[in-house]
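Biologist: Please show me the model. I would like to go through its charged contacts and its surface.

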Amino acid sequence: MKSRLYYILLAAYFVMVAFVLYVNGVFTGEVASVSNLMINGVFLAIIGVLFLISIASFLRLNRLTDELEDAAGDLLAGYKEAGNKNVWPSLQEHKGFFEEKNLKEAFAKFRGRVKGKNPCDIEDYINEELLERVGSNYFNSGISGTMTGLGILGTFIGLSLGLGSFSGDDIYTISDNVGPLLSGMKVAFHTSVYGIIFSLIFNFVYRSIMDDAYGKLDYFLSVFRQCAMPPAGTSDANTAAMLVYQANQADYLKQILELAKGESREQAKSLEHMSGVFLQQLQSAMNTEFKDLGATLKLAAQSQAANAESNRVMLEAVNTLAESARNLQESMSHMMERQEIFAEELKNQRQELVSACTEISRDVSTQLHTFEQMRGIYENKN
């Protein structure tokens with residue numbers, strides 16, 4: 001079951017695509033920002049391509065490990081049919097024991113080495129390194145970090161888009177630019193969310209699949225060693241090999257002794273002459289080489305000083321940028337506080353205006369009522 005967990009990647013990917021399309025208003029026909037949709041589409045397309053490559057490697061790995069598991073079952077069945085006897089004599093000429101290309105090549109190398117009277121373990125050819133190569137471990141091991149990196153990259157792109165469209169010197173112009181800023185922050189939020197989610201899911205799926213593959217490999221190796229491990233060489237063969245090795249060593253020593261023979265005086269003269277020539281050549285060469293070395297070291301020192309100056313300037317620029325970002329954050333904080341104060345003042349003025357209007361309406365109603373009573377009294381007198 002673990003070997004089929006890559007279906008979770010497909011399910012999570014389609015769910016996340018549907019979620020991104022929904023929050024961008026594609027299903028309702030109310031796309032608020034085409035740029036946001038395009039950025040999310042590009043990021044999801046990159047992640048989809050990476051997932052397809054990983055799933056293809058998982059399929060290759062599953063075919064290999066499934067064949068290992070089937071081969072272990074066949075070995076156990078043959079071992080029992082042979083009366084619990086080693087089945088290597090019937091297996092060593094069985095070229096179709098494996099059908100998967102990598103296993104077939106590895107097993108052929110193992111048979112060739114055994115035929116050459118050079119005993120070895122099957123794990124020398126069918127091992128974890130083979131699984132990691134077939135499963136593209138060099139690629140899949142970096143996918144989780146790549147997903148997180150894409151999420152961070154999307155965060156920076158979203159913030160850059162939002163801040164690039166944000167401008168204004170007073171509260172009225174700033175209020176008009178809050179929308180684009182929030183739109184850019186939406187991109188940053190979405191890419192960060194699905195980048196982290198995909199990273200966690202892929203890491204779980206990848207580790208589970210590799211754990212299942214390692215388990216099947218261990219099972220095959222244990223069954224092969226029990227049922228079909230080639231017998232080790234006989235003691236006579238080992239003794240003969242040791243004697244051949246000792247004879248070769250004795251021959252090498254004899255050749256060395258013959259080379260060491262000769263007139264010591266002639267050897268001393270030759271050695272003295274060679275030493276003199278060597279010293280002269282060394283002296284003439286070293287003068288030039290030391291000069292070149294000094295010039296090279298001088299250039300290296302100058303280059304190092306220039307690099308140090310460049311690093312200092314870069315560090316100052318980074319500090320200036322950080323200070324500017326901090327000032328921008330403080331300015332935005334002050335502007336938000338001013339906006340909140342202004343909103344509170346507007347709210348208070350509105351309440352006061354409503355109270356004044358209510359009071360004026362009450363006074364007008366009272367005066368109209370008094371006027372009607374006075375007019376009635378005047379009409380009655382006349």
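Modeller: A salt bridge here is a side-chain nitrogen of Lys or Arg within 4 Å of a carboxyl oxygen of Asp or Glu. Keep in mind that this is a predicted model.

Biologist: How many salt bridges does the structure hold?
Modeller: The 4 Å cut-off between nitrogen and carboxyl oxygen decides what counts. By that rule, the salt bridges in the structure number 12.

Biologist: Which residues are linked in a network of salt bridges?
Modeller: Lys 216 pairs with Asp 66. Lys 216 also pairs with Glu 69. The network of salt bridges consists of Arg 4, Asp 66, Glu 69, Asp 212 and Lys 216.

Biologist: What is the N to O distance between Lys 216 and Asp 66?
Modeller: Their side chains meet in a salt bridge, with N to O at 2.8 Å. How far apart are the two in the chain? Lys 216 sits in helix α9 (residues 178-227) and Asp 66 in helix α2, a separation of 150 residues.

Biologist: Is Lys 216 buried or exposed?
Modeller: Buried means under 20% relative accessible area. Lys 216 has 10%, so this residue is buried.

Biologist: Which parts does the pair of Lys 216 and Glu 69 tie together?
Modeller: The salt bridge between these side chains spans 3.9 Å, N to O. The two residues are 147 apart in sequence, so the pair ties together helix α9 and helix α2.

Biologist: Where does Asp 124, the partner of Arg 113, lie?
Modeller: Arg 113 and Asp 124 form a salt bridge, with the closest N and O atoms 4.0 Å apart. Arg 113 is in helix α4 (residues 101-115), 11 residues away in sequence, and Asp 124 lies in the loop between α4 and α5 (128-134).

Biologist: What is the relative accessible area of Asp 124?
Modeller: Arg 113 is partly exposed at 29%. Asp 124 is also partly exposed. Its value is 43%.

Biologist: What accessible area does the nonpolar patch on the surface have?
Modeller: Its members are Tyr 22, Val 26, Phe 27, Val 31, Val 34 and Met 38. Val 26 has its place in the loop between α1 (6-23) and α2 (34-81). Val 26 is partly exposed, at 33% relative accessibility. Together, the patch residues have about 610 Å².

Biologist: How far apart in space are Leu 153 and Phe 43, C-alpha to C-alpha?
Modeller: Leu 153 belongs to helix α7 (residues 143-164). Leu 153 is partly exposed, at 42% relative accessibility. In sequence, Leu 153 and Phe 43 are 110 residues apart, while their C-alpha atoms are separated by 9.7 Å.

Conventions
Residues are numbered from 1 along each chain as its sequence is written. This is a predicted model: local features need pLDDT of at least 70, side-chain atom pairs count only at pLDDT 80 or more; totals for chains, interfaces and linings use all residues. Side-chain values use heavy atoms; hydrogens and water are left out. Patches are made of residues with over 30% relative accessible area and no salt bridge: like charges are joined within 9 Å, nonpolar side chains (Val, Leu, Ile, Met, Phe, Trp, Tyr) within 5 Å. Accessible areas come from the Shrake-Rupley method with a 1.4 Å probe; for residues, only the protein chains shown count as cover. Helices (H or I, at least four residues) and strands (E, at least two) are DSSP runs, numbered from the N terminus. Buried means under 20% relative accessible area, exposed over 50%, partly exposed in between (1.4 Å probe, protein chains only).
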